[in-house]
Every structure is written in structure tokens, then in C-alpha cells.
Amino acid sequence: MRQPIRQFAAMLGVETTTVNNWRSGLSAVKPRSEKQEILDTTYAQRTTAEDRARFEQILAEGESAWRARHPKPAHKQRVPIADGEPTDSGPDGEQTMVPAASSPDRGSAGFDGQLAEADDFSGLVTDIETAFWTAGNVTDNGSLRPIAALMTASRAVTRLNMAGEYTTLALLVGPLITDLYRYTRDGNDRDQRIAWDVLTQVAFDTSVVMRARGHLAEAWTAARAAEDAARTIESRPGIAAAAFVSSQVLLARPTSAKAALDRAETTAALAGAQAQTANEVQTVGMLHLQASLATAATGGDPRDHLEHAAEYAVRLDRSITADHSTVIANTTFGSSNVALWTMSVAMEAHEPDTVLDLARKLKPQTLPTPGRAAQYWVEVGRAAASRRAHENALDAFLRAESIAPEHVRNVDTVQDAVAQMMLEAKRSLTAGDLGSLAQRVGVAVV
């Protein structure tokens with residue numbers, strides 16, 4: 001079909017990493033059955049006669065022979081697709097590629113090139129917002145992907161959110177939201193319920209990402225969509241998850257911090273009394289963590305909510321049963337994430353020494369996702385910066401950036417800390433690595 005990898009992945013509803021792996025492995029790769037179904041459906045419904053003729057020609061000649069006769073244009077320079085090392089397997093059982101280990105200053109030039117080419121996030125925001133507004137009532141009423149394909153795509157969205165790969169996520173969610181809404185109207189009873197369930201999780205992830213990238217109005221729209229979907233099917237973990245992201249958006253505005261606390265506390269109290277499954281315990285536990293942060297932001301004592309969250313984490317450690325009839329969950333919740341949030345709450349309470357003491361007891365490699373590990377170093381960097389330990393702060397921020405660059409470069413607390421460091425640090429730092437970091441996070445360098 002001669003599509004760029006990201007565009008092709010977005011059309012299928014899978015991660016770009018998955019397509020990269022197919023591409024790198026060529027004929028040796030055997031996609032899992034659910035992804036093979038997506039490929040079969042796409043081939044049958046979306047390819048043109050010219051596409052199919054080209055495909056048959058490639059099969060007849062073999063990949064290498066066909067490529068020799070159809071070389072890529074020499075004028076277009078591109079960063080290698082899979083510049084990294086293989087891990088044992090990805091979440092879906094297929095081999096994945098991870099970036100080769102390198103320091104930010106050595107590796108950032110090539111990676112910045114990739115971001116410059118791919119980071120059209122702002123251009124995708126309108127499409128995502130429109131997908132929520134129209135709720136599936138769109139002009140282009142093409143064929144629907146199978147509901148199983150939409151469930152697969154939703155899992156990819158969640159993984160991208162956890163990894164802090166927001167632009168790739170934004171490519172997926174617009175068409176995904178539209179297809180899910182169409183199923184809520186046109187599907188049978190079973191598919192309608194699945195669609196509302198999946199829509200709750202996708203809207204949750206979208207809200208998290210929109211808030212992280214500073215699009216608060218769109219984050220609120222997504223949070224409300226998550227709540228509406230969850231209430232339609234009376235999903236307890238969905239209602240808790242929606243309250244979490246609603247509270248996060250409210251907390252992003254200083255004047256609505258009390259509303260953020262009320263939203264998190266009220267829902268945690270209601271949902272907590274009924275929490276039985278792992279999905280419910282995870283989402284209610286995250287609500288208590290959010291309530292602890294909002295409590296600290298309003299000048300209160302967050303310890304009660306942190307203790308509740310720790311108790312929920314202990315319940316999870318006892319192998320509580322998961323509800324596999326829903327995709328709604330928050331698998332980042334657990335004892336190590338409670339410890340990380342405790343660091344964030346201490347930083348919100350302006351206690352940098354406490355943050356650094358807590359950091360010594362928490363190993364970042366025990367955190368559940370790259371985004372959480374990056375946040376560990378962000379909190380260490382903020383604490384060090386507030387103590388004017390500028391070299392330590394810079395090292396921590398660069399570590400965070402190397403793990404989840406797109407996430408870290410858009411965190412307002414990082415931007416604030418780096419801006420203050422630029423005013424206070426020695427010339428040797430501001431003219432060197434700190435100045436470079438300031439440019440990458442969007443801080444004006446004078």
C-alpha cells in the first residue's frame with residue numbers, strides 16, 4: 001500500500017513497534033491470530049487493485065528481488081526504523097525492539113530528528129476532539145474493523161500511554177474512538193457493551209495524554225466521555241478511572257484544586273466500599289493516590305490517602321482475582337507506584353529532603369512502566385534543583401529524558417525547574433548540557 005510505517009500502524013490500530021518488527025523480520029515473522037485477522041480484513045477491504053497486484057508480484061519474485069528492482073528514492077534521508085536491541089518478547093508475545101542504551105547527549109540528535117518528523121501531535125488534537133464530538137456520526141461511513149481489532153488497538157493505546165509515546169498514540173485514537181462509537185449504535189448487544197467498555201479505557205488514556213501535552217479542554221472532554229461510557233454500562237472500575245482523570249485535569253488549574261480533591265475523595269469512598277476485583281482495587285487505589293496529591297496541593301495532610309493506597313496495594317499482592325470481562329484496569333498501581341507517588345506528594349508539599357530520602361529506598365527498575373521510571377528521575381531532579389544541587393538535578397533530568405523523552409519534555413514541572421536552574425546555575429552548565437536541555441523542553445535560552 002506504500003504507506004509510511006506510522007500511517008499503516010494507525011490504519012490497522014496497532015503500535016508502530018509491531019509493524020517495525022514485522023518489517024524487520026520480513027517473511028520469518030508470523031503474526032498472532034488476532035493481528036492476522038486485522039491484516040486479512042485490511043487486505044480484503046482497503047487495498048486497491050494496484051495494491052493487490054503489487055503484493056502478488058512481491059510474493060512471486062521474493063522480497064529481495066523485488067526491492068532490487070524498486071529501490072527507495074535516494075534523496076529522502078530517514079533515521080533507521082529499528083535502531084536498537086531485541087528483547088525477549090513484547091506484551092503480545094512478538095519480539096520487540098527497544099532503543100539502544102545511550103546518554104541523551106550522544107543519542108538525542110538522531111532521536112530529535114525522529115521527533116521532528118513524527119511529532120505532529122497538535123495537528124491530531126482537532127481530529128481526536130472531533131471524534132468525541134461526533135460520537136461516530138461521521139460523513140465517511142466506511143467499513144468497521146472487527147470488535148476484536150478495536151480491543152487490540154485499545155491495548156496498544158494503553159501501552160503507548162504507559163511508555164510516554166504520545167504522538168504515536170494520537171495517531172491511533174481518533175479513528176478508534178469513531179469506530180467504537182459506531183459499534184455502540186450499530187453493534188449487537190454483546191458488541192455494544194464491549195464497545196462502551198473499550199471506549200472508557202481509550203477515553204481515559206486520551207485524557208491522560210491530552211493533559212500531559214497541555215491540552216486541558218480536550219483532556220476534560222475525554223474524561224467526560226470516559227465517565228459517560230462507564231456509567232452507560234455501570235462499570236465500577238470505569239467510573240473510578242474516569243474520576244481519576246477528571247481530578248487530574250482539575251488539579252492542573254490552581255483555582256480548581258478543591259474540586260479536584262472532592263472528585264477524587266467522593267468517588268474513592270463510594271467505589272472503595274464495593275471494590276472486589278483487581279481491576280476495581282487498581283482504579284480505586286489510583287484514586288487515593290490522586291486524592292493524596294490534591295490534598296497536598298490544597299495544604300492538607302495527605303497521609304490518610306497514602307495509607308489507603310498502600311492498603312489497596314497489599315490487597316493486590318495477595319493475588320486478588322482480575323475481571324477479564326473488561327479491559328478497564330490500571331496495571332501501574334502497586335506498592336512501588338505508591339512509593340513513587342509518595343515522592344511526588346512530598347515534592348508538592350515542598351519537602352525536597354523527604355523526596356531524596358524516599359528515592360534512596362525505591363529502585364526505579366522496580367517501577368511498572370518506562371513512564372513511571374522517568375517520573376522517578378523527574379522527582380529526584382526537581383528535589384535536587386530546589387536544593388540548588390544543579391549538576392545532580394541535570395543528571396536526573398537527562399536520565400528521565402533518556403527513558404521517556406516525549407513525556408519529560410512536556411512536563412510543566414520539569415520546564416519550571418529547568419527555567420529556574422538557567423537563572424541560578426554556573427555558566428559552564430547553562431552554556432552546555434543544561435542549555436541544550438532547556439531548548440528541548442521549551443525554555444527560552446537568553
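A nonpolar core is defined here as a set of buried Ala, Val, Leu, Ile, Met, Phe, Trp, Tyr and Cys residues joined through side-chain atoms within 4.5 Å, where buried denotes under 20% relative accessible area (1.4 Å probe, protein chains only). The model is predicted: local features require pLDDT of at least 70 and side-chain atom pairs pLDDT 80 or more, whereas totals for chains, interfaces and linings use all residues. Residues are numbered from 1 along each chain as its sequence is written, and side-chain values use heavy atoms, without hydrogens or water.

The chain has a mean pLDDT (the predictor's confidence in each residue, from 0 to 100) of 84, and 87% of its residues reach 70 or more. For residues 74–118 the pLDDT is below 50, although this stretch has 59 contacts (heavy atoms within 4.5 Å) beyond near neighbours in sequence. Where pLDDT is low, the predicted coordinates should not be read in detail.

The largest nonpolar core comprises 42 residues, and Phe132, Ile177 and Leu180 have the most contacts inside it. The greatest contribution, eleven residues, comes from H9. Apart from residues up to four places away in sequence, Phe132 touches Ile177, Tyr181, Ala203, Thr206, Thr221, Ala222 and Ala225. A second, separate core of 38 residues includes Ala346, Val378, Ala400 and Val418.

Helix H12 spans residues 236–251, and 14 of its 16 residues are buried.

How values were computed: Helices (H or I, at least four residues) and strands (E, at least two) are DSSP runs, numbered from the N terminus. The expected span of a helix is 1.5 Å times one less than its number of residues. Buried means under 20% relative accessible area, exposed over 50%, partly exposed in between (1.4 Å probe, protein chains only).
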